[in-house]
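Colleague: Could you walk me through this model, one question at a time? Keep it friendly, please.

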Amino acid sequence: MPESIDVLVYGGTSAGVCAAVAAADAGASVLLVEPGRHLGGMTSGGLGYTDVGDERALGGPAARLRADIAEHYAVPVGHYAGPEPHVAEQIFERWLERSGVRVEFGASLRSIAMRQGRDGAEVGELVFETGLTVSAGVVIDATYEGDAMAASGVPYRVGREDASLYGERFAGRQELVPGMHAMPPWVSPFAGDPSGRIQSGILPQLHDTELAPVGSGDGGVMAYGYRVCLTTAADRIPFERPDDYDEEYWELGRRLFANDRRNGVERPAGRVLGLEPNLPGGMADGNSLGPVSLNVLDGSAWEYPDASPERRREIVEHHLSHTRGFLYFLSNDPAVPAPVRREVSRWGLPAGEFADTGHLPHQLYVREARRMLGLTVLTEHDLLGGRIPEDTVALGSYHIDIREVQRIWRWVYEHPAPIGTVFTEGYLSVPVPLYGIPYRALVPRREHAANLIVPVCLSASAVAFASVRMEPQYMMLGHAAGTAAALAVDAGCPVQDVPRERLRERLADSGQRLSPR
């Protein structure tokens, strides 16, 4: 017989933790199931420099986390850009314990059996790889991938849509334009030929594919990577040569630095890796900066959202290999400018973080994956217009932050013969005002699933999702999802019929900000 529970939360991300706490605090019995071994997702998984946007948007658990961080370090709120990863996880563990939430680790979803309810399709039994079988009144999918949503048969999209679909200016494939993350011109893509004149095989780290027309939907997914925690402490773990290090894999980096030398460009280490000590203890949150970085741009992110568990593990390992190799390359390869090598060599991995995952984060930065097609679709028009819908359950404010989508090559027709050149495509950073995220974007249509709420892979266009996807928003959306789930269980109604004003009243009472002030 399946275990019966009021609310099941799948995914121990920051959204999942906040959803579980909110539902439990509202009186529901709650089970949080996490496929891995850690809580907090990216908030405890390397993303120490938290992307806040406008602080006026922060309320509920996002504000509570900032207050708990300040209390832990005995500093004013906002003094640090974020906590040490283990501190973030400890705070989340404490929240769950205080609310009496039971947590099951190491339980990946195997299958979902749907059933026909009075008000439409419902998520029935959920079976996990550990053998755990659960039937829940409401299911909250708080994973970065939307796996429970997909297994329930709820429709969704992956990647960039065509600009004509919602009339969005920033949708679809982008122009090849210059920028900090773009590859400078005249870097050859051809193995064995730095001149770019002779096509003799393509270098690693390129997405060898045809470019879709500008503005067309190509399913492109922005790059993934690891946000590494770095330190200069005496007990740091040095960047050693990985067993799987591939010299050819880093030829693109060598050509980038050679191009810099030819053109008199000095690229400091801080603009290659991000070495600003913005975390407690002088640690830094290594970010993906520049044309060759911690980001992986070979198209593997395009494949990840709908990949099998086995293929996903291969993609994750590929990103880990890239991360280990990049840190060694920057600190040791003679082609890297000596000032960059010296500065990167001053840093290492912190001995006190991620001890069970080789001191690299336990969470791949899955910036986007599936996106539900729910009761409404949030678009760039909602964001750029600063719209505050009547059923707003959280505010967003971070700019539309689309990281690079692919690194490709094209012929440039220069006299006397064409030259093959590497291009980086997809990066966008578009400011937005404060805007509201409606409850309707968190729930599917009732005919698809009347007892499912999706606070992470919510219903939004690829453009709009690029702003919503920040951890503070996920925390607040998780809080809204957990509160709504408890209301639905208490009223015995579909999640689509949760009284919106009662939901908003409860959110406001708990400190959630629902309108600009």
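Colleague: Is Cys457 buried or exposed, and what is its relative accessible area?

Modeller: Quick ground rules: this is a predicted model, where local features need pLDDT of at least 70, side-chain atom pairs count only at pLDDT 80 or more, and totals for chains, interfaces and linings use all residues. Residues are numbered from 1 along each chain as its sequence is written, and side-chain values use heavy atoms, with hydrogens and water left out. "Buried" means under 20% relative accessible area, "exposed" means over 50%, and "partly exposed" is what falls in between, using a 1.4 Å probe and protein chains only. Cys457 is buried, because its relative accessible area is 1%.

Colleague: Which cysteine has the sulfur closest to that of Cys457?

Modeller: A disulfide is a covalent bond between the sulfur atoms of two cysteines. Here we count one when the two sulfur atoms are within 2.5 Å. The sulfur of Cys457 is 16 Å from the closest one, which is too far for a bond, and that closest sulfur belongs to Cys18.

Colleague: Where is Leu458, and which residues does it touch?

Modeller: Helices (H or I, at least four residues) and strands (E, at least two) are DSSP runs numbered from the N terminus, and Leu458 is in the loop between strand E17 (452–453) and helix H11 (462–468). Leu458 counts as buried because its relative accessible area is 0%. Leu378, 80 residues away in sequence, is 8.9 Å from Leu458, C-alpha to C-alpha. Counting contacts as heavy atoms within 4.5 Å and skipping residues up to four places away in sequence, Leu458 touches Arg371, Met372, Ile437, Ala441, Leu442, Phe465, Val468 and Leu477.

Colleague: Moving to helix H1, how many of its 12 residues are buried?

Modeller: H1 covers residues 14–25 and reaches 16 Å from its first C-alpha to its last. That is close to the expected 16 Å, a span worked out as 1.5 Å times one less than the number of residues. Among the elements covering the buried residues of H1 are strand E1 (3–10), helix H2 (60–73) and helix H12 (471–491). H1 is mostly covered, and its buried count is 11.

Colleague: Which residue just after H1 takes a positive phi?

Modeller: The buried residues of H1 include Ser14, Val17 and Ala24. Just after H1 there is a residue with a positive phi of about 105°, and that residue is Gly27.

Colleague: What is the angle between the planes of Tyr224 and Tyr304?

Modeller: Rings of Phe, Tyr and Trp (its six-membered ring) pair if their centres lie within 6.5 Å; planes under 30 degrees apart are stacked, over 60 edge-to-face, and the rest tilted. There are 13 aromatic pairs in the structure. Tyr224 and Tyr304 form an edge-to-face pair, 5.4 Å centre to centre, and the angle between their planes is 85°.

Colleague: How many residues apart are those two in the chain?

Modeller: Both tyrosines are buried, Tyr224 at 0% and Tyr304 at 6%. Tyr224 is in the loop between helix H5 (163–166) and strand E8 (228–230), while Tyr304 is in the loop between helix H7 (300–303) and helix H8 (309–332). The pair links distant parts of the chain, with a separation in residues of 80.

Colleague: Which residue has its charged end over the ring of Tyr304?

Modeller: A charge sits over a ring if NZ of Lys or CZ of Arg is within 6 Å of the ring centre and within 35 degrees of the ring normal. Arg64 lies over the face of Trp95 in this way, at 4.3 Å from the ring centre. Over Tyr304, at 5.0 Å from its ring centre, sits the charged end of Arg312.

Colleague: Last one: what is the radius of gyration of the protein chain?

Modeller: The chain has 13 helices and 17 strands, and 60% of its 517 residues count as buried. The radius of gyration is taken over C-alpha atoms, and the globule rule is 2.2 Å times the number of residues to the power 0.38. A compact globule with 517 residues would come out near 24 Å, which agrees with the chain's value of 23 Å.
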